[in-house]
Amino acid sequence: MPRPIAATIHTAALHHNLERVRRSVPDAKVWAVVKANAYGHGIERVFEGLRSADGFALIDLAEAERVRHLGWRGPILLLEGVFEPRDLELCSRLGLWHAVHCDEQIDMLAAHKTQVPHRVFLKMNSGMNRLGFTPQRYRAAWARLDALPQVDEISVMTHFSDADGSRGIDHQIDVFNQATQDLPGERSVANSAATLRHHADARLRSDWVRAGIVVYGSAPDFPENDAGHWALQPTMTLSTRLLAVQQLQKGDTVGYGSRFTADGPLTIGVAACGYADGYPRHCDTGTPVLVNGVRTRLVGRVSMDMVTVDLTPLIAQGMAVGFGTEVTLWGSASNGAVLSIDEVARAAGTVGYELMCALAQRVPVSVDGER
């Protein structure tokens, strides 16, 4: 028998979260962002849950090929555009739309020989200061693209740095709107946080919204708001089982470095999950976990293959617990209890995105419990 650890992808939850986005922006089309192998879920595993999207957005050309091989005939957008001239040939063959964020990409298009003009999304650096043309150079870049026979329709886009926080979008949306005033073409402005938090802002007209972390059931503005606030459902469950139960006495320590010391008699369980499975080593005593669907905590340091959990809450309820008892590291327990991946990420000093993407290759993954 393999180790009892497993990850489960929930197709219905993916569809639910996508529809939650649509309710926020009923007049917009929705990109389902599946970069980083669908945030660690697996493109092939999420496809059925997200196929009601209007398009798929990603970064890697190989991932774009995988989406096409799944039978998708709609739009696919390369969010970072192409990286070298020959990438444009694959864009032509697969019918990919692509971002343009620098002069070098325009130069590639100008030298590209094609009979089918490209659909491009011209990116503005409105304040994120990663990719894109500055507002002062944006219209010149647009005019240069518009003059190319290799280019068909030009859409305009930008990306917000603070849509999830108190600074908001004010410092970027006004700059973007002023620089793109009267330019034709569709607009792609809102990411997950902007879609949920700022959709009522009249300045935020977006023909396409980019639904990333929101479709995977993580709140883009956690901890200000959690997944329940936005009516999101977890799309990945990481679960395992207890391997052993230990009885501690006052003064006994647990794990490497003796980071936890019992202040009295304590029953702990040892679960088959560790940092080699992608569970963050930085999670310390107090990190939430579900055992038999009951909320409890980690104790001691995370090991390569094991974690230790406090069984006090289950014993207090008179629950039988022992070898084989279910442990939910994040996601949905068998009894319906939910532990948000965001809470675990906060305990590790990171974000839910990283935990999803860091799931180790050795962890078996199934879709809705069917391997």
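**Cysteines, core and rings**

C91 has a relative accessibility of 2%, so it counts as buried. Buried means under 20% relative accessible area, exposed means over 50%, and partly exposed lies in between; the probe is 1.4 Å and only protein chains are considered. The model is predicted: local features need pLDDT of at least 70, side-chain atom pairs count only at pLDDT 80 or more, and totals for chains, interfaces and linings use all residues. Residues are numbered from 1 along each chain as its sequence is written, and side-chain values use heavy atoms, with hydrogens and water left out.

Stay with the cysteines. The structure holds zero disulfides, a disulfide being a pair of cysteine sulfur atoms within 2.5 Å. For C91, the nearest cysteine sulfur belongs to C102 and is 14 Å away. C357 is in no disulfide either; its nearest cysteine sulfur, that of C283, is 16 Å away. C357 counts as partly exposed, at 41% relative accessibility.

Now step back. The protein has 371 residues, and buried ones make up 54% of them. Its C-alpha trace spans about 75 × 40 × 35 Å along the principal axes. It contains 12 helices and 19 strands. These are DSSP runs numbered from the N terminus: helices are H or I with at least four residues, strands are E with at least two. Contact means heavy atoms within 4.5 Å. Among contacts between residues at least 6 apart in sequence, 63% join residues at least 24 apart.

What lies inside? In soluble globular proteins, nonpolar side chains tend to be buried together. A nonpolar core is a set of buried Ala, Val, Leu, Ile, Met, Phe, Trp, Tyr and Cys residues joined through side-chain atoms within 4.5 Å. The largest one here has 112 residues. V34, L50, L122, L145, Y216, L238 and Y279 touch the most other members. Take V34. Leaving aside neighbours within four places in sequence, V34 is in contact with residues including I43, L50, F56 and Y216. Another core, of seven residues, lies apart from the largest one; L248, V254, F260 and V299 are among its members.

Helix α6 covers residues 103-111, and Q105, I106, M108 and L109 are buried in it. They sit on the same side of α6, because they cover an arc of only 155 degrees around the axis. That arc is taken from the directions from the helix axis to the C-beta atoms. The cover over these residues includes α5 (87-94), β5 (97-100), β6 (118-124), α7 (135-146) and β7 (151-158).

Finally, look at the rings. The structure holds 11 aromatic pairs. Rings of Phe, Tyr and Trp (its six-membered ring) pair if their centres lie within 6.5 Å; planes under 30 degrees apart are stacked, over 60 edge-to-face, and the rest tilted. F56 and W72 are edge-to-face, at 4.9 Å centre to centre and 90 degrees between the planes. F56 lies in strand β3 (55-58) and W72 in the loop between α4 (61-69) and β4 (76-78), so the pair ties together parts 16 residues apart in sequence. F56 is buried at 1% relative accessibility, and W72 is buried at 11%.

W97 and F121 are stacked, at 6.0 Å centre to centre and 25 degrees between the planes. This pair links strand β5 to strand β6, 24 residues apart. W31, W97, F121 and W208 form one aromatic cluster.
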